[in-house]
Amino acid sequence: MIGNLTDIPREAPGSETDAGCMLCPHCDDEVFALDDRCPHKGGPLSQGIVHGTSVTCPLHNWVFDLATGLATGADEGAVPVTAAKVEGGKVLLAVDDLARRSAS
């Protein structure tokens with residue numbers, strides 16, 4: 001568990017966690033979690049612009065799908081995602097995904 005959904009500021013583009021990923025709240029109590037580094041130049045995605053279910057890197061405007069981590073448009077690449085869900089108002093991240101991230 002990361003914390004309560006209400007602890008994630010909805011007005012911010014995203015919040016970095018101790019696990020090194022960005023949590024991004026979305027409507028209907030849905031949460032997305034992905035690495036907080038753009039694969040292009042390492043830009044902090046938590047400082048980017050979230051629009052719909054996408055985030056734009058603040059350095060070079062690459063756009064990534066929050067659910068899949070895949071770059072959209074003409075850009076190629078992907079940001080690793082971590083499965084996230086909300087249960088009883090608590091944000092939960094997939095332990096297997098976190099273990100895989102820390103091993104790489």
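Which residues make up the largest nonpolar core? In this predicted model, that core comprises eleven residues, namely F32, L34, C38, L45, V55, C57, W62, F64, L66, A71 and V79. A nonpolar core is here a set of buried Ala, Val, Leu, Ile, Met, Phe, Trp, Tyr and Cys residues joined through side-chain atoms within 4.5 Å. Buried denotes a relative accessible area under 20%, exposed one over 50%, and partly exposed the range in between (1.4 Å probe, protein chains only).

As the model is predicted, local features require pLDDT of at least 70 and side-chain atom pairs count only at pLDDT 80 or more, whereas totals for chains, interfaces and linings use all residues. Residues are numbered from 1 along each chain as its sequence is written, and side-chain values rest on heavy atoms, with hydrogens and water left out.

With a disulfide taken as a pair of cysteine sulfur atoms within 2.5 Å, the count comes to zero. The sulfur of C38 lies 3.9 Å from the closest cysteine sulfur, that of C57, and is therefore too far away for a bond. Beyond its neighbours within four places in sequence, C57 is in contact (heavy atoms within 4.5 Å) with C38, G43, L45 and W62.

Three strands form an open sheet in the order β5-β6-β7, with antiparallel pairing. From one strand to the next, the twist averages 25 degrees; axes are lines fitted to C-alpha atoms, for helices over the stretch in contact, and angles run from 0 to 180 degrees between N-to-C directions. Strands are DSSP runs (E, at least two residues) numbered from the N terminus, and two of them pair if DSSP finds at least two bridges between them. Strand β6 (residues 54-56) is joined to β7 by three bridges, the two running antiparallel. Within this pairing, S54 stands opposite D65 in β7.

Strand β5 contains H51, which counts as partly exposed because its relative accessibility is 35%. Apart from neighbours within four places in sequence, H51 is in contact with T56 and V63. The side chains of H51 and T56 are joined by a polar contact of 2.6 Å, defined as a pair of N or O atoms within 3.5 Å; within protein, one must be able to donate a hydrogen and the other to accept it, and residues adjacent in sequence count only if both atoms are side-chain atoms. The C-alpha atoms of H51 and L66, 15 residues apart along the chain, are separated by 9.8 Å.

Notes
Helix = DSSP H or I, 4+ residues; strand = E, 2+ residues; numbered from the N terminus.
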